[in-house]
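Grab a pencil and work through these exercises with the structure open beside you. Each task comes with a worked solution, taken step by step.

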Amino acid sequence: MFNIEAFATACQGKSDGAVKELLTEALRNPGEVKQALDAMGQAKPIGEGRMGDFVIHRSPDLTILRAAVPPKFKSPPHNHLMWAVIGVYEGQENNYFYRRGGEGLEAAGDRQLKPADVLVLGTDVIHAIENPLDHTLYAIHVYGGDLPAAPRRMWNPTTLQEEPFEYQTMMQYARQLMGKESQ
Ligand SMILES: [Fe+2]
């Protein structure tokens with residue numbers, strides 16, 4: 001049976017490549033991971049504040065989140081300033097990659113993640129995520145640092161101008177992208 005505390009302990013001090021192996025191994029049975037993590041709670045609609053992310057572990061060199069992303073959610077482009085390993089255990093997470101260019105950002109590929117898929121993002125990656133389905137996306141996100149403390153950046157999805165990452169503004173952009181608020 002998957003045990004989240006044992007997983008967090010195993011990730012400590014590891015490289016992104018080693019964490020990818022650990023997460024891939026855990027996700028050989030996505031149903032077991034789901035069963036172990038469902039107890040943490042359900043996602044909330046984005047109109048009600050936070051999305052349902054839970055911090056499983058937070059230390060200076062490691063953050064582990066249980067991400068619960070509402071149906072049809074779209075994030076603005078953002079970075080993390082540290083490596084990230086993402087593993088989906090229910091639903092689908094579409095990743096869209098960008099690089100700095102011209103007046104803002106230019107597209108640099110995409111990748112769709114389904115249950116048991118694991119993706120490593122390098123320190124410099126800029127991405128946006130989307131849940132294309134009409135049910136909640138659940139994933140484990142592991143970061144090689146203290147994610148909440150990082151001075152990371154996001155991009156206004158309309159103007160593509162860079163600005164400091166700020167949670168409430170990010171959610172406002174997400175609602176705009178989902179067509180729930182006029183710009
Ligand atoms: Fe991200």
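Which residues does I86 touch, not counting residues up to four places away in sequence?

Before the solution, some ground rules. This is a predicted model, where local features need pLDDT of at least 70, side-chain atom pairs count only at pLDDT 80 or more, and totals for chains, interfaces and linings use all residues. Residues are numbered from 1 along each chain as its sequence is written, and side-chain values use heavy atoms, with hydrogens and water left out.

**Solution 1.** 
- Step one: find I86 in strand β4. Strands (E, at least two residues) and helices (H or I, at least four) are DSSP runs, numbered from the N terminus.
- Step two: list the contacts, meaning heavy atoms within 4.5 Å. I86 touches L23, E93, N95, L113, D117, V118, L119, L121, H127, I140 and H141, leaving aside residues up to four places away in sequence.
- Step three: check burial. I86 counts as buried because its relative accessibility is 1%; buried means under 20% relative accessible area, exposed over 50%, and partly exposed in between (1.4 Å probe, protein chains only).
- The C-alpha atoms of I86 and E25 are separated by 13 Å, with the two residues 61 apart along the chain.

**Exercise 1.** Work out which atoms hold the iron ion.

**Solution 2.** 
- Step one: look for donors, which are N, O and S atoms within 2.8 Å of the metal (3.2 Å for Na, K and Ca); water is not among the atoms, so sites may look incomplete.
- Step two: name them. H78, H80 and H127 coordinate the iron ion, each through NE2, at 2.1 Å.
- Step three: read the spacing along the chain, which is H-x1-H-x46-H.

**Exercise 2.** Describe the largest nonpolar core and say where its residues come from.

**Solution 3.** 
- Step one: apply the rule. A nonpolar core is a set of buried Ala, Val, Leu, Ile, Met, Phe, Trp, Tyr and Cys residues joined through side-chain atoms within 4.5 Å.
- The largest one has 26 residues, and V69, F73, L121, Y143, M170 and M171 have the most contacts inside it.
- Step three: sort by element. At least two residues of this core come from each of β2, β4 (84–90), β7 (118–121), β9 and α4. The largest share, five residues, belongs to α4.
- Step four: look for another. A second, separate core of 21 residues includes L23, L27, V33 and L62.
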